[in-house]
Each structure stands twice: as C-alpha cells, then as structure tokens.
Amino acid sequence: MNELYSELKNKIENAESILILSHVSPDGDTIGSNLALNLIIEKNFGKIPDSVYAGSLPKNYSFLPEFSRLKDVQSIDKNKKYDLAVAVDAASKDRLMQGAVLFDN
C-alpha cells in the first residue's frame, strides 16, 4: 500500500494540470469523492484540479464545501492537456464522461 500511495503522491506532485472525473448522472458518492479529492490535493499539494461531471448536477448537494468547483464537462477547454486524470466512484471508462472525448486511448 505504501508503494501505491507513493506512486500517486509522485504523480500529483509532478502534474501541472489535474482532472478529477465523476461518473455520468452524478450522485452523492461521486460528488463527495470528487470534491474531497479536489480539496485534499489543494491542501496537501497547493494545486487546484478541474473537477468535472456529465449530466445533471443535483442541487440538493450544493451544501457540500466547494460545490461550485464542479464543472460540466462541456464547459472545459477541449484543447487543454491534463498531466493526470483521476476517476472517482466509476467502475469503467464508459461510465465517466458519456459523449465527451477526454482520452486519447
């Protein structure tokens, strides 16, 4: 486990731009996980990732800290290149950003 943690830590430290992905039709688990990771990265590494979702964002979770950081995947710059993408609460790539091309492979 320490090896895995060290690898993730190194990837975050070396990344200039980070993208955190939630699954389509976000629910409380994926929204909370996305925002928590966003805040952890900011607090521990001084970086603010882009946190994205696809579908409709339920407003009943707007009480969560930094809820406004969540961006609709359609609103992000499609030409921006990310050094690191982290998926939260998604079992497969096809559940991430349905209809949005974010990966080269």
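Author: In this predicted model, Tyr-53 stands opposite Asp-72 in β3, where strands (E, at least two residues) and helices (H or I, at least four residues) are DSSP runs numbered from the N terminus. The two residues belong to a parallel pairing in which 3 bridges join β2, residues 50-53, to β3, and two strands are said to pair if DSSP finds at least two bridges between them. A further 3 bridges connect β1 with β2, again running parallel, and within that pairing Leu-19 has Asp-50 of β2 as its bridge partner. Taken as a whole, the 4 strands form an open sheet with parallel pairing in the order β3-β2-β1-β4. Its edges are β3 (70-72) and β4 (84-87), each of which pairs on one side only. On average, neighbouring strands of the sheet are turned by 30° against each other, direction ignored, with axes fitted as lines to C-alpha atoms, for helices over the stretch in contact, and angles running from 0 to 180 degrees between N-to-C directions.

Residues are numbered from 1 along each chain as its sequence is written. Because the model is predicted, local features need pLDDT of at least 70 and side-chain atom pairs count only at pLDDT 80 or more, whereas totals for chains, interfaces and linings use all residues, and side-chain values rest on heavy atoms, with hydrogens and water left out.

In β2, Asp-50 and Val-52 point one way while Ser-51 and Tyr-53 point the other way, and all of them are buried; buried means under 20% relative accessible area, exposed over 50%, and partly exposed in between, with a 1.4 Å probe and protein chains only. Helix α2, residues 28-45, lies across β1 (18-21), β2, β3 and β4, and runs at about 160° to β1.

Setting aside residues up to four places away in sequence, Asn-34 touches Ile-20, Leu-21, Ser-22, Ser-51, Val-52, Leu-70 and Val-88, a contact being heavy atoms within 4.5 Å. The side chains of Asn-34 and Ser-22 are joined by a polar contact of 2.7 Å, a term that covers a pair of N or O atoms within 3.5 Å; within protein, one must be able to donate a hydrogen and the other to accept it, and residues adjacent in sequence count only if both atoms are side-chain atoms. Between Asn-34 and Val-88, which are 54 residues apart along the chain, the C-alpha separation is 6.2 Å.

Thr-30 is also found in helix α2, and because its relative accessibility is 0%, Thr-30 counts as buried too. A polar atom of the Thr-30 side chain lies 3.4 Å from the backbone nitrogen of His-23. Beyond its neighbours within four places in sequence, Thr-30 is in contact with Ser-22, His-23, Val-88 and Asp-89.

Asp-89 lies in the segment after β4, is partly exposed at a relative accessible area of 39%, and has a positive phi of about 55° although it is not a glycine. Ser-25, in the loop between β1 and α2, likewise has a positive phi, near 50°, and is exposed at 52%. For context, most residues other than glycine have a negative phi.

Across the chain there are 2 helices and 4 strands, arranged along the sequence in the pattern α-β-α-β-β-β. The radius of gyration is 13 Å, close to the 13 Å that the globule rule gives for 105 residues, so the chain is as compact as a globular protein of that length; the radius is taken over C-alpha atoms, and the rule is 2.2 Å times the number of residues to the power 0.38. Of the contacts with a separation of 6 or more, 72% link residues 24 or more positions apart.

As for confidence, the chain has a mean pLDDT of 88, with 90% of its residues at 70 or more, pLDDT being the predictor's confidence in each residue, from 0 to 100. Confidence is lowest in β4, at a mean of 90, and highest in α2, at 96.
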